[in-house]
Amino acid sequence: MEYKNRKRNRKKGFDYSSENIYFVTICIHEFKHYFGCVKNNDMHLNNYGVIASNQIKWLEEQYSYVIIHNSVIMPNHVHILFEIDTICLPGEIKVKSVSELIGAYKTTCSKQIHLAGNTEFRWHRSFHDHIVRSPEAYENIFNYITNNPARWHTDTHNDNARTDRS
């Protein structure tokens with residue numbers, strides 16, 4: 001089914017498998033707090049949050065051209081700042097696009113979280129992305145990710161009923 005009035009998620013004509021630094025935010029369906037909680041401005045991961053964190057490391061291990069610069073798992077969303085770097089790739093390796101990489105992340109997280117006992121877990125449709133275009137933008141985003149737990153009290157989705165089951 002095609003949605004005629006749906007906002008375009010990606011920049012038209014841009015090659016999202018090209019060498020760049022990307023900032024993505026991935027949210028849990030209905031912003032449920034499945035990954036843990038913030039206490040004293042620090043994120044405390046539960047079992048599902050550990051899975052989400054481990055799968056970020058998996059992305060970097062699975063795809064040699066992915067370099068994780070910074071990330072944070074929050075109770076109901078994930079931020080990842082990463083680079084696609086194809087300079088050292090041998091031969092004809094197909095580089096996955098940002099959408100394919102995030103799809104792999106979401107799929108493997110979901111599978112492991114379901115196997116760990118949370119069969120209700122679902123991601124929000126799609127994800128938010130930003131192409132990092134300057135050193136200043138990079139620094140701002142890097143700091144935003146690092147300081148995200150300390151700003152949790154200002155998040156509009158932190159009041160949802162807690163469902164952070166371990």
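## The second largest pocket

Start with the lining of the second largest pocket in this predicted model: its residues split into 7 polar, 3 nonpolar and 2 charged. That lining comprises 12 residues, and the ones nearest the pocket's centre are His77, His79, Tyr144, Asn148 and Asp155. As for which elements give two or more residues to the lining, these are β1 (20-27) and β5 (77-84).

The space inside this pocket comes to about 160 Å³. Rolling a probe the size of a water molecule over the atoms is what shows where such empty space is left.

## Overall layout

Stepping back to the whole chain, the protein has 3 helices and 6 strands. Read from the N terminus, the order of elements is β-β-β-α-β-β-α-β-α.

Of the 166 residues in the protein, 40% are buried.

## The largest nonpolar core

In soluble globular proteins, nonpolar side chains tend to be buried together. Here the largest nonpolar core holds 43 residues, and Ile26, Phe35, Val78, Phe82, Tyr105 and Trp123 are the ones with the most contacts inside it. Two or more residues come from each of β1, α1 (47-62), β4 (66-73), β5, α2 (98-115), β6 (128-132) and α3 (135-146). The top contributor is α2, which gives 7 residues to this core.

Once you set aside its neighbours within four places in sequence, Ile26 is in contact with His77, Val78, Ile80, Ile102, Tyr105, Lys106, Trp123 and Phe127. Two of the names on that list, Tyr105 and Trp123, come up again among the rings below.

## Aromatic pairs

The count of aromatic pairs comes to 10. One of them is Tyr22 with Phe82, a tilted pair with 5.8 Å centre to centre and 35 degrees between the planes. Tyr22 sits in strand β1 and Phe82 in strand β5, so this pair ties together parts that are 60 residues apart in sequence. Tyr22 has a relative accessible area of 0%, so it is buried. Phe82 counts as buried too, because its relative accessibility is 2%.

Phe35 and Phe121 make another tilted pair, with 5.8 Å centre to centre and 35 degrees between the planes. This one ties together parts that are 86 residues apart in sequence, because Phe35 is in the loop between β1 and β2 (36-39) while Phe121 is in the loop between α2 and β6. Phe35 and Phe121 are both buried. They also belong to a cluster, in which ring pairs link Tyr34, Phe35, Tyr105, Phe121 and Trp123.

Most residues other than glycine have a negative phi. Which way does phi go at Glu30, negative or positive? It is positive, at about 60 degrees, although Glu30 is not a glycine. Glu30 lies in the loop between β1 and β2. Its relative accessible area is 48%, so Glu30 is partly exposed.

You will find Phe31 in the loop between β1 and β2. Phe31 counts as partly exposed because its relative accessibility is 21%, and the buried class requires under 20%.

Definitions and conventions. Residues numbered from 1 in each chain as written. Predicted model: local features only at pLDDT ≥ 70, side-chain atom pairs only at ≥ 80, totals over all residues. Heavy atoms only, no water. 1 Å grid on protein atoms, 1.4 Å probe; cavity = no way out; pocket = protein on both sides within 12 Å on 5 of 7 lines; lining within 4 Å. Points joined across faces, edges and corners; volume = space filled by probe spheres on them. Helix = DSSP H or I, 4+ residues; strand = E, 2+ residues; numbered from the N terminus. Nonpolar A, V, L, I, M, F, W, Y, C, P; charged D, E, K, R; others polar. Core = buried A, V, L, I, M, F, W, Y, C linked by side-chain atoms within 4.5 Å. Buried < 20%, exposed > 50% of the residue type's maximum accessible area, 1.4 Å probe, protein only. Contact = heavy atoms within 4.5 Å. Phe/Tyr/Trp six-rings, centres within 6.5 Å; stacked < 30°, edge-to-face > 60°.
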